[in-house]
Amino acid sequence: MLGLSIFWIASSPRVLGAAAIPTHVADVANGKLLYNAGGCLSCHKPRPDLANADKALPSGGFPLKTPIGILYPPNITPDSATGIGDWSDLEFVNAIQRGISKGGQHLIPAFPYTSYAAMPVTDVLDIKAYLMTLPPVVSATSASDIPLPFILRRGIGLWKWAGLDTTPWRPDPAQSANWNRGSYLVNGPGHCNECHTPRNLIMARNNSRFLMGGPHPEGSGKVPSLHGLIDRKRYKDKADLVLAFQNGEVFGYDHMSAGGMGQVQSNIAKLPQQDVEAIAEYILSLK
Amino acid sequence: MQAQSFLRTVTAGVLVIGLGVTLAFASADDKIKARQAEMKNNGKAIGALVAIMKGEQPYDAAVVKASIDSMAAGDAASAKVGAWDADSAKGETVETYAKPEIWAEGSDVGTKYKAWVDARNAVAATTDEASFKAAFPVLGESCKGCHEKFRRPKEN
């Protein structure tokens with residue numbers, strides 16, 4: 001009985017309260033930038049059977065393979081019935097930063113709230129403001145193919161208790177402003193960590209092997225170690241890595257498009273020059 | 001005359017049988033090696049074109065033509081040994097980085113292949129730097145089209 005009580009307490013959804021939402025005038029342009037840095041569209045792209053779907057809108061439903069089964073990321077356009085049109089700021093922030101759905105359920109951590117938890121709330125509100133400017137798409141998405149009985153859903157809460165770090169990202173005062181911007185984009189919205197850092201026995205990120213690569217989350221092949229790529233001088237300098245991010249295979253960087261990285265590269269290519277340089281500077285500093 | 005004609009017929013027949021035997025005996029390993037050689041060759045050809053794209057080398061119609069011809073020749077050589085046939089999905093001793101999705105039901109590899117051939121032809125038809133720089137990104141994207149979906153990452 002005590003064990004059950006401890007499980008119940010440890011696994012309960014830890015929602016943020018209204019006090020977590022600051023007064024903030026949303027910056028839509030910043031929201032759009034972070035939406036691209038996060039590559040939201042790559043997972044929330046339209047389901048393959050949606051007629052005349054605008055592939056540039058995150059209407060969701062495209063099957064996403066994960067180690068535990070197939071997920072259908074939801075519609076995040078501002079449609080009220082099938083999208084996030086009637087979500088409050090607090091509901092949005094709880095989903096993005098704590099992995100808790102509007103209905104109060106734990107979300108499966110294929111959705112990288114484990115990285116987004118490090119972002120300032122104001123940046124998350126900017127993303128919401130940007131999403132609200134998109135045309136609403138009516139598209140209901142299927143429930144996941146993962147049979148998660150209530151008690152196991154609740155188990156995600158236990159997992160979060162052990163594996164969800166909600167420490168906000170902090171700049172390193174010893175580094176340049178550019179390096180810190182890169183660090184933020186990589187570790188917060190960019191969520192590079194989710195694939196490039198291996199996971200431990202309980203599937204939480206093993207931070208002692210930060211960005212050192214590991215098995216591919218879709219189950220085929222490996223995700224390279226960023227330290228390894230830098231050590232082997234795959235990119236000879238910052239300018240080279242910037243060109244790789246901005247152009248991918250168009251400039252012959254064929255390794256930029258394997259295992260899902262091609263979509264990531266397309267998303268990074270949408271960022272302003274200075275941000276791509278910041279990401280490159282930060283990554284090249286990993287030895 | 002008749003003897004010569006007969007000789008030719010026999011020779012042709014032997015060549016055809018020889019080719020058939022070669023085809024029948026190309027193992028999955030041989031096919032994987034053949035397509036890896038094709039990709040290596042493509043990489044070399046693309047390298048010459050990327051140098052023009054980046055402005056490291058001036059536009060040279062002869063270089064562009066040679067590069068595209070080299071890719072087309074590699075494509076034809078692979079087709080000849082069935083390097084992209086479904087029976088080459090898994091090698092006996094040679095490791096392949098091609099994903100089985102290439103040959104799965106509903107795969108759009110054919111559409112993606114056609115996009116590559118069309119893009120190759122468009123680059124071959126360029127006449128100056130401006131038309132080249134407009135056509136080449138489509139070729140690069142067509143490489144990405146398959147690599148993104150059908151190639152698993154190699155290194156740890």
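In the predicted model, chain A contains 13 helices and 4 strands. Its radius of gyration is 19 Å, close to the 19 Å given by the globule rule for 287 residues, so chain A is as compact as a globular protein of that length. Along the principal axes, the C-alpha atoms of chain A fill a box of roughly 55 × 50 × 40 Å. Buried residues make up 39% of the 287 in the chain. Among contacts in chain A with a separation of 6 or more, 62% join residues 24 or more positions apart.

Helix H2 of chain A spans residues 28-38. Its buried residues are Gly31(A), Leu33(A), Leu34(A), Tyr35(A), Asn36(A), Ala37(A) and Gly38(A). These residues pack against four helices of chain A: H3 (40-43), H6 (121-132), H8 (177-187) and H12. Gly39(A) follows H2(A) and has a positive phi, near 60°.

Chain A also touches chain B. The contact involves 20 residues of chain A and 19 residues of chain B. On the chain A side, strand S4 (222-223) and helix H12 (261-268) each supply at least two residues. That side comprises 5 nonpolar, 12 polar and 3 charged residues.

Within chain B, two helix pairs were examined. Helix H2 (residues 28-53) and helix H3 (residues 61-80) of chain B pack at an angle of about 170°, with their axes 9 Å apart. An angle over 145 degrees counts as roughly antiparallel, so H2(B) is roughly antiparallel to H3(B). H2(B) contributes Ala34(B), Arg35(B), Glu38(B), Asn41(B), Asn42(B), Ala45(B), Ala48(B) and Leu49(B) to the contact. From H3(B), the contact residues include Val63(B), Val64(B), Ser67(B), Met71(B), Gly74(B) and Asp75(B). The residues of this contact divide into 8 nonpolar, 6 polar and 3 charged.

H3(B) also packs with helix H4 (residues 109-124) of chain B. Their axes come within 9 Å and cross at roughly 155°, which makes H3(B) roughly antiparallel to H4(B). The crossing is left-handed. Val64(B), Lys65(B), Ile68(B), Met71(B) and Ala72(B) of H3(B) meet Arg120(B), Val123(B) and Ala124(B) of H4(B). This contact has 6 nonpolar and 2 charged residues, with no polar ones. Val64(B) and Met71(B) take part in the contact of H3(B) with H2(B) and also in that with H4(B).

Conventions. Residues numbered from 1 in each chain as written. Chains lettered and ligands numbered in written order. Predicted model: local features only at pLDDT ≥ 70, side-chain atom pairs only at ≥ 80, totals over all residues. Rg over C-alpha atoms; globule rule 2.2 N^0.38 Å. Buried ≥ 20, exposed ≤ 12 C-beta atoms within 10 Å, placed from the backbone. Contact = placed C-beta atoms within 7 Å. Nonpolar A, V, L, I, M, F, W, Y, C, P; charged D, E, K, R; others polar. Axes fitted to C-alpha atoms, helices over the stretch in contact; angles between N-to-C directions. Parallel < 35°, antiparallel > 145°, perpendicular 65-115°, else oblique. Left-handed = near helix turned anticlockwise from the far one by under 90°.
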